Every structure is written in structure tokens, then in C-alpha cells.
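Here is a short briefing on charged side chains that pair up. Look at the sequence and the model, then read the points below.

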Amino acid sequence: MRKVVVAGIGQTAFGKFLDRSVRSLAEEALQQALTDAGIDASRIGFVFFANALSGLITGQETIRGQVALRHTPLMGTPIINVDNACASGSSAFNLAWMSVASGQVDVALAIGAEKLTHEDKAVTFGAFASGVDVEERNRMMRETPGTHSLFMDIYAARTRKYMAASGATVEDFAAVCVKSRHGASLSPWAQFRDALTIEDVLTARVISNPLTLPMCSPIADGAAAALLVSEGVAKALGSKNVEVRASKIVSANQDGADPVSAIRAGRQAYEQAGLGPEDIHVAEVHDASSPAEIILYERLGFAEPNRGVELLRQGVTSIGGRLPVNSGGGLLSRGHPVGATGIAQIVELTTQLRGDAGKRQRDGAKVALAECSGGEIGSDSALAAVTILAV
């Protein structure tokens with residue numbers, strides 16, 4: 001397998017844009033990535049377009065990428081549509097990496113775009129509820145009528161179990177939100193940039209006990225793109241050498257058997273990269289809820305089981321700490337436009353490894369990790385993707 005380099009990145013601001021389309025968002029991110037890489041679109045050999053929910057929200061099915069990119073120079077290029085729930089963008093990135101690493105093409109594009117805001121919020125919430133086994137979903141809805149959010153009910157149940165085992169408190173989960181907003185305040189892409197206090201979080205509306213509104217990732221519209229190239233192309237472009245050291249995706253084990261998908265994806269990525277958790281300088285994890293961030297510290301090997309909260313309390317995962325996690329706000333504050341999220345993680349980490357993250361910069365960052373999970377099967381995420389980048 002050949003060395004693969006992230007040569008260009010692009011991202012829109014994330015937010016609620018009722019007047020914008022998936023097409024306009026995708027075009028903006030694409031142009032930024034092309035400009036950043038200094039490359040012409042004609043050199044792109046494959047396009048992997050990530051979008052999870054357009055079919056249910058806008059009605060656009062099957063040819064989502066071709067529709068979104070129809071007014072760009074990419075028409076005529078192979079465009080592969082990728083839907084893998086919240087890990088759609090990560091999956092598109094994995095496919096783009098594979099196409100370059102295998103020698104199939106020298107330049108590939110991973111691009112994700114999603115429009116989730118809708119005049120009827122029930123449309124969006126219904127779309128999110130499709131990320132589970134529908135037979136299981138229908139059973140859960142019968143057992144818990146009037147549920148606010150199926151996914152947050154799942155996260156809340158997981159959170160209560162984790163609190164009992166670890167001693168983590170609701171104040172700890174609120175502290176994750178405060179940390180998230182601080183990072184978002186320093187990012188040009190984040191949806192929510194206003195500061196929060198612990199009290200703000202704890203007194204907010206309860207979504208599913210113990211999760212309050214700021215502890216749950218918000219709906220967002222947005223797009224992100226990453227251009228992956230071979231080492232030879234990177235040298236010709238003069239690209240900063242952000243190398244993809246590992247890209248792994250796994251699905252849930254049958255019947256939710258341990259180890260869970262995030263643990264297995266992390267272990268495989270570390271093995272592929274020849275690195276370990278102790279080598280990571282900055283990370284992006286799938287904080288669909290604030291407790292999920294702490295739990296992922298453990299699943300990715302940054303902390304021992306039930307000890308992840310200690311990293312938070314010690315400031316290790318804050319900006320200025322040894323291992324900043326979600327330095328740009330993560331899903332909680334950057335926002336979660338499903339198809340774009342996994343690639344937005346790559347944009348943030350590439351920015352960190354280039355030393356271009358400004359006041360949220362992790363000094364001396366050389367190795368970065370992204371983890372993104374998608375959907376729910378039984379008691380585990382349906383899949384998990386882990387990417388390791390290095391300079």
C-alpha cells in the first residue's frame with residue numbers, strides 16, 4: 001500500500017441554513033479543498049460523496065452525490081454515494097484513502113454534505129430514528145411512548161450505567177459541554193460559540209435523564225471535504241506532509257458481544273499505524289452526547305476502564321492539555337451534519353497537525369486520531385471508524 005497524504009481540506013461553517021441546499025454547501029467545501037491543495041478538479045480520479053439523510057429530509061435518494069455536484073467540474077468523474085449513518089463521512093474518507101493507497105488513482109476526494117434543518121422538526125427527528133434496526137425501534141417506541149429522542153434515550157441509558165460503574169457525575173458531563181464551547185469559540189466553523197457555565201448546562205431542559213439539552217449534539221447543516229493524494233503528487237504540489245497512517249472501520253459484533261466496535265477499530269488502527277494511545281497528541285471523538293466523549297477516552301485506550309473522567313478533571317483533554325479532545329467543539333458545539341461530521345474531524349486534525357489552529361492549537365502536535373461511530377445495533381454502535389494522521 002502506498003503512502004497517502006491529505007493535500008487539501010475545506011469546510012463550511014456548520015449551522016441552521018434553511019435557505020441553503022446540500023448542493024450549495026458541497027460546492028463551497030469542494031472549492032475550499034481544491035484551493036487549499038492547489039490542484040485542478042480534473043485530476044481527481046474518484047469522488048466518494050457522504051450523505052445519510054437526504055432521502056428522508058429532502059426526498060433526494062440514490063444519486064445524491066451526482067445531484068449535489070452536477071454544476072462542478074467533477075461530473076464525468078466516478079462519484080460513489082456513501083451512507084453509513086453518522087460515520088458516513090469517515091467511510092467516504094476510508095474509501096478515498098483505499099483508492100489512493102492501492103494505486104487505483106493518484107487523487108481522490110472524500111466529501112460529505114448534509115442538510116438537516118427542516119421547517120417541521122419531526123421530519124428531522126424521524127430521519128435520525130432510522131439509524132437503528134426498525135423492528136427494534138418500533139419495540140422501543142411501544143415500551144417508552146412519548147420519547148423525545150430515541151438516540152438520546154439510548155445514550156442516557158448507557159450514561160446511567162456508566163455513572164454507576166465509574167463515579168462520574170452530571171457535573172462532569174456538564175464540564176465536557178463547557179470545554180466543548182470553549183473550543184468552539186476559537187473555531188471559524190462551529191455552530192455554537194457562546195460560553196456555557198456548569199450551571200447553564202445543569203439547569204437546561206432535560207432531554208432524557210440525566211442528559212440536558214447542551215449534553216446532546218445539535219442538528220446542523222454543513223459540508224466538509226478532504227483531498228487525498230499519493231506521495232508523489234504531494235511532493236509535486238508541495239503539500240504539507242499530513243500522512244494517513246491508519247484508516248479502519250468495523251461493524252458491531254453479533255448480539256452486541258464485546259469488545260465493542262470503537263475498541264476494535266482503535267486497536268486495529270493502532271496496529272496499522274505502528275503506534276499506541278500514548279502516541280496521540282490531539283483527538284476528535286464522536287461526542288453525540290457529552291458522556292460519550294468520556295467513555296471514548298477509555299475505549300480508545302487513553303484511560304483505563306471507568307477512569308476516563310480523571311482525564312477530564314485533570315484538564316488533560318482540554319485545550320492546553322497533553323491530549324486535547326474535540327478542540328474545535330466536537331459534535332456538541334461544532335454541530336452534527338451527519339454526512340459531513342467524519343470529514344470535519346479530519347479537517348480539524350489536519351489543521352492541528354499543520355500548526356494552523358490558532359488559539360486552540362496543541363503545541364507540537366505530530367500525531368492525531370479521529371473516531372466516529374454510526375447507528376445502533378443492540379447495545380453497540382452499528383459501526384465505528386478510526387483514522388490516524390501524522391506528520
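In this predicted model, the side chains of Glu284 and Arg334 meet in a salt bridge, 3.0 Å from N to O. The pair links distant parts of the chain, 50 residues apart. The structure holds 15 salt bridges. Side chains of opposite charge can pair when their charged atoms come close.

**Glu284 and Arg334**
- Glu284 sits in strand β9, residues 282-284, and Arg334 sits in helix α14, residues 330-334.
- Glu284 has 0% relative accessibility, so this residue counts as buried.
- Arg334 is buried too, because its relative accessible area is 2%, under the 20% cut-off.

**Asp221 and Lys115**
- Asp221 forms a salt bridge with Lys115, and their closest N and O atoms are 3.8 Å apart.
- Asp221 lies in the loop between β6 (211-212) and β7 (222-230).
- Lys115 lies in the loop between β4 (107-114) and α5 (121-128), so the pair ties together parts that are 106 residues apart in sequence.
- Both Asp221 and Lys115 are buried.

**Glu61 and Arg64**
- Glu61 forms a salt bridge with Arg64, with the closest N and O atoms 2.7 Å apart.
- Glu61 counts as partly exposed, because its relative accessibility is 38%.
- Arg64 is buried, with a relative accessible area of 12%.

**A network**
- Which residues are linked in a network of salt bridges? They are Lys3, Glu231, Lys235 and Glu243.

Note on methods. Residues are numbered from 1 along each chain as its sequence is written. This is a predicted model: local features need pLDDT of at least 70, side-chain atom pairs count only at pLDDT 80 or more; totals for chains, interfaces and linings use all residues. Side-chain values use heavy atoms; hydrogens and water are left out. A salt bridge is a side-chain nitrogen of Lys or Arg within 4 Å of a carboxyl oxygen of Asp or Glu. Buried means under 20% relative accessible area, exposed over 50%, partly exposed in between (1.4 Å probe, protein chains only). Helices (H or I, at least four residues) and strands (E, at least two) are DSSP runs, numbered from the N terminus.
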